[in-house]
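Dear colleague,

Please find below the structure for your review. My findings follow directly after it.

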Amino acid sequence: MALKEDIFWVKCPGCGGKFYCDRELRHNREIPLRCPFCQRRFFTHESSEIFE
Amino acid sequence: MAKDLHTFLGSVKEKPIYFETVKREVDPLSFETAAILKHLQQQKRNPIVFFEKVKAVNRGPSIFPLVDNLFATRELCALALELPPEKAGLALSLEFSKRENDKIEPVLVEKGKAPVKEVIIKENDVDLTKFPAGRFHEMDVGPYFTMTDIMRGEGGFYDVSFVKHLILDKKFMTVSLHYTIRKHLLYILEANEEKNRPTPIVVVLGHHPAFFLGAGALKELGNNDYETIGAFLGEPLRLTPSETWGEDFLVPADAEIVIEGEVIPHKREIQNPFGEYSGYYQPQCLMPVMEVKVITHRKNAIMQQVFPASSGHFNLGSIPKEGSIYNEIKKVAPEVTGVYLPHSGSGRISCYVSVKKRREGDAKQAGLMPFLLSGQIKYVVVVDDDVDIYNEQEVLWALITRLDLSRGVDLIKNMPRYDRVLIDATRPLDRPFPAKNTVPREVMERIRLSDYLS
């Protein structure tokens, strides 16, 4: 594939918006993810829905 | 008078086909500039767009106007290299390839004579949120700059490459360096990080378009890109000492805006999603972070950007490669007549090659070369020279009517990143094949529409 496949989708615990991340962030506990829709910072384990 | 963005805009401003001004205030962070550019794109209109009144990231009035679409058509790219618009096809790609191998040594000008030093902003006055940086696509995580960066490598060479930056706050932004095909800046950064050293970095947010076309040239690591950019400008690039490192790091004297800073070793921050050239969002990931030390700009500076996944973005990917690919194919397959990286493949992923075929095998020989020369090209389609490779309808027609599926498709496996597909859509020469419909050429030339239709 021309496109990056090693990603996972995550749901923001704040606004419920869904976006995707590089696999390297799946177990990251140092730098929180950033929701592109509401700017909330959170860790992957705080999300109620992960699609991988 | 040295070439700069103002001299170029002055040369195209009077022609509405090339230049439009948006006088009403727009907010780039709320996708408004992107929406205007997208509407124009959907109407197949691609002028340079000058946004006179724009909001900054902090939602106050921006200190700069904004310009986009400088590379939106091949004709504009030809004009940037002082070629006539009718030379915007293969001639432009070949001219690009020629200049890529030329060099013009830069010249040094005093700070006092450098337009980019007219305004100098330092330390606590630095505020990136006063810039009109925007979001372009719905899932973009924040405001981005989309122009070029400069770093110095071991031995002192200057590397200039397109890099995007996510603005984090007044003084910090990410530096988007990926492990993709051209990773010169990443090499320089990693060499410094190994020694726990910060990496000096300069961001250029506006210059003559030939400056940026030169930055897109496919040169080896270690090339002094300032000399290559001079060849694209057709005159020496004027340089001046930076505020932060003096003569140890020279910056373009005729730039619109220069941001000087340091990439902090081993510091990473979240960047993306960001809608990229492929038409999809790049995933959220970690990227290095730079701290801004100084901003210098002209009094009448204009901030430049490239709308991602637009025709301008595609041209910046395609035009730098086509001429070199053509020249390299010509060495092994003199039958080649044209090379085009179409916008449907984002100017990077697919490649059309035309050949004046003399024997079976010519097409495949010509079609293999693009894979070796660009790591991004995934599909190559080879057609006969009676097909206009710049017209995708004609290429598809050749594919549908001439491709013999049993022997015209080759899957090339075990290449880096992904498998490749080579499609030979040329007419067979070793068996009878129908002739293409044509209206007699002599009649086409004799009959002029204006003589028959008012």
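In helix α5 of chain B, which spans residues 184–194, the buried residues are His184(B), Leu185(B), Ile188(B) and Leu189(B). These four lie on the same side of α5(B), because the arc they cover around the axis is only 135 degrees. An α-helix has 3.6 residues a turn, so residues three or four places apart point the same way. Please bear in mind that this is a predicted model.

The cover over the buried residues of α5(B) includes the chain B strands β7 (148–152), β8 (158–162), β11 (199–204), β14 and β17. After α5(B) comes Asn196(B), which has a positive phi, near 60 degrees.

As to domains, chain B comprises domain 1 (5–306) and domain 2 (333–424). Their C-alpha centres are 32 Å apart. The contact between them involves 7 residues from domain 1 of chain B and 7 residues from domain 2 of chain B. On the domain 1 side, the residues that touch domain 2 of chain B are 3 nonpolar and 4 polar, with no charged residues.

Kind regards

Terms used
Residues numbered from 1 in each chain as written. Chains lettered and ligands numbered in written order. Predicted model: local features only at pLDDT ≥ 70, side-chain atom pairs only at ≥ 80, totals over all residues. Domains from an automatic or database assignment. Contact = placed C-beta atoms within 7 Å. Nonpolar A, V, L, I, M, F, W, Y, C, P; charged D, E, K, R; others polar. Buried ≥ 20, exposed ≤ 12 C-beta atoms within 10 Å, placed from the backbone. Helix = DSSP H or I, 4+ residues; strand = E, 2+ residues; numbered from the N terminus. Arc of directions from axis to C-beta.
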